[in-house]
Amino acid sequence: MRADHPLVVLVDAYGTGRHLRAAFAGLGADVVHLSSTPEPLKSMKAPDLGSYTAALVAGDPAETAHRLAELRPDAVVAGQEPGVPLADVLSEMLGLATNGSALSAARRDKYLMIEAVRKAGVRCARQFKSDDVDAVVAWAREQGDYPVVVKPLAASGAQGVSICADAAEVRRAAAAVLGTVTMYGQTNVEVLAQSYLAGTEYIVDTVSCRGSRYDAGVWRYDKRRRGAHNVSHRDVLVPPDDPVVAELTSYTHDVLDALGIEFGAAHAEVMMTADGPALVEIGARMNGAMHPEFDTGCCGADQARAAALAWLRPDEFAREFAGRTYRQLQEAFVYHVATDLAGVVAGVDTSVLAEIENVGSVRAVTVKKGPGDRIRPTIDLPSSPLTVHMAHSDAAALGRDRARVEALSRAVFRLA
């Protein structure tokens with residue numbers, strides 16, 4: 001580490017958190033990785049620790065803050081969902097730009113999240129949480145309004161989310177959540193039930209700096225029903241001049257205010273109901289499908305670079321991003337390939353992957369399963385084995401290319 005370089009600490013830079021490392025390095029920063037757990041989380045793509053200036057493991061927050069103070073960091077930033085609480089408390093202890101720790105729990109726990117939003121007078125779902133399946137069933141019956149959504153308190157990617165049409169389905173879904181482990185390694189000791197929000201669901205990605213915002217992208221969920229699960233099929237870029245964008249982003253800014261998110265990236269899922277927008281959930285981190293080159297090519301900028309500027313160069317962020325909305329340079333979507341395969345992956349056909357990569361609209365392919373990994377029928381984002389970023393100036397060509405990718409994807413994985 002050199003004294004003339006800024007220094008950034010990234011906490012738990014799993015998955016797309018790796019793009020933050022590159023974005024900060026592009027601003028001339030040394031980047032240190034801090035793990036919130038002694039062992040890496042096995043359910044997420046681990047960071048390449050060799051690409052960091054140093055790699056540390058957190059202990060007690062006060063002791064960790066003391067260790068970091070010796071490095072004189074300019075920012076402590078969450079790279080992925082599990083790192084949010086630790087990044088909040090460490091940045092606060094070190095007197096750096098911070099979202100603070102007072103509302104950290106509400107940025108991770110979905111029950112507390114919705115209650116904080118409700119307290120601020122922002123539209124949201126009715127809800128109930130319990131460690132007792134019978135109590136969850138009783139609450140759903142009292143509502144008298146099915147379907148009811150049942151899900152874990154702190155998961156992502158629609159993991160464990162069920163849409164239940166009656167009390168029996170609520171019982172099965174709640175029992176299925178309790179005692180299971182999320183992709184972040186947390187055991188579900190309670191289950192959350194919420195009123196169903198009918199409408200069209202959107203992604204709203206933002207970057208905040210000193211409370212000013214850049215609206216980095218609005219994507220419409222195209223979902224497919226698989227049993228009790230609504231599974232993401234595509235995330236479709238919405239033209240920024242569509243009237244729904246202004247309504248969704250204004251609402252999301254209210255949610256950010258309610259949760260005290262004044263700095264950095266956020267990824268919200270918002271349902272546009274007959275009464276207006278209503279929060280599904282929000283994370284104080286980047287979109288899990290964010291890809292810098294893809295986003296720049298279709299939106300004019302990417303969330304990682306904007307976030308790096310927000311943390312390190314706020315005046316530059318203000319000039320380039322504050323108060324602005326993404327552009328649409330191409331028709332684009334993120335295609336989450338589903339599978340019906342069940343078993344252990346014996347091999348990945350690289351020749352088929354090469355064919356997919358050569359399809360005209362394809363901009364990036366992410367393979368999430370490899371030899372030795374268990375593959376299962378897709379019911380949520382973690383069980384989608386392949387993500388394909390696609391963009392084209394012609395919507396019809398984009399549709400034809402997606403069908404081609406879908407056909408090819410069936411031959412990617414070979415089971416043992």
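I take buried to mean under 20% relative accessible area. The model I am reading is a predicted one.

**His-233**

I looked up His-233 first. At 11% relative accessibility, His-233 falls under that cut-off and therefore counts as buried. I find His-233 in strand β11, which covers residues 229–237. I then listed its contacts, leaving aside neighbours within four places in sequence: Asp-222, Lys-223, Arg-224, Val-334, Tyr-335, His-336 and Arg-402.

**Asp-222 and Arg-234**

I checked accessibility for the two residues: Asp-222 and Arg-234 are both buried.

**Other salt bridges**

I counted the salt bridges and got 20. I noted a few of them.

Which residue forms a salt bridge with Arg-118? I find Glu-115, the closest N and O atoms being 3.1 Å apart. Arg-118 has 34% relative accessibility and counts as partly exposed. Glu-115, at 27%, is also partly exposed.

I next looked at Asp-380, whose side chain meets that of Arg-376 in a salt bridge at 3.6 Å, N to O. Are the two residues buried or partly exposed? Asp-380 has a relative accessible area of 3%, which is under 20%, so I record Asp-380 as buried. Arg-376, with a relative accessible area of 36%, is partly exposed.

I also recorded a network of salt bridges that links Glu-81, Arg-108 and Arg-285.

**The sheet with β15**

I traced an open sheet of 3 strands in the order β17-β15-β19, with antiparallel pairing. Its edge strands are β17 (374–375) and β19 (413–415), and each of these pairs on one side only. I followed the pairing of strand β15 (residues 343–348) with β17: the sense is antiparallel and there are 2 bridges. Which residue in β17 is the bridge partner of Val-344? I read off Arg-374.

Notes. Residues are numbered from 1 along each chain as its sequence is written. This is a predicted model: local features need pLDDT of at least 70, side-chain atom pairs count only at pLDDT 80 or more; totals for chains, interfaces and linings use all residues. Side-chain values use heavy atoms; hydrogens and water are left out. Helices (H or I, at least four residues) and strands (E, at least two) are DSSP runs, numbered from the N terminus. Buried means under 20% relative accessible area, exposed over 50%, partly exposed in between (1.4 Å probe, protein chains only). Contact means heavy atoms within 4.5 Å. A salt bridge is a side-chain nitrogen of Lys or Arg within 4 Å of a carboxyl oxygen of Asp or Glu. Two strands pair if DSSP finds at least two bridges between them.
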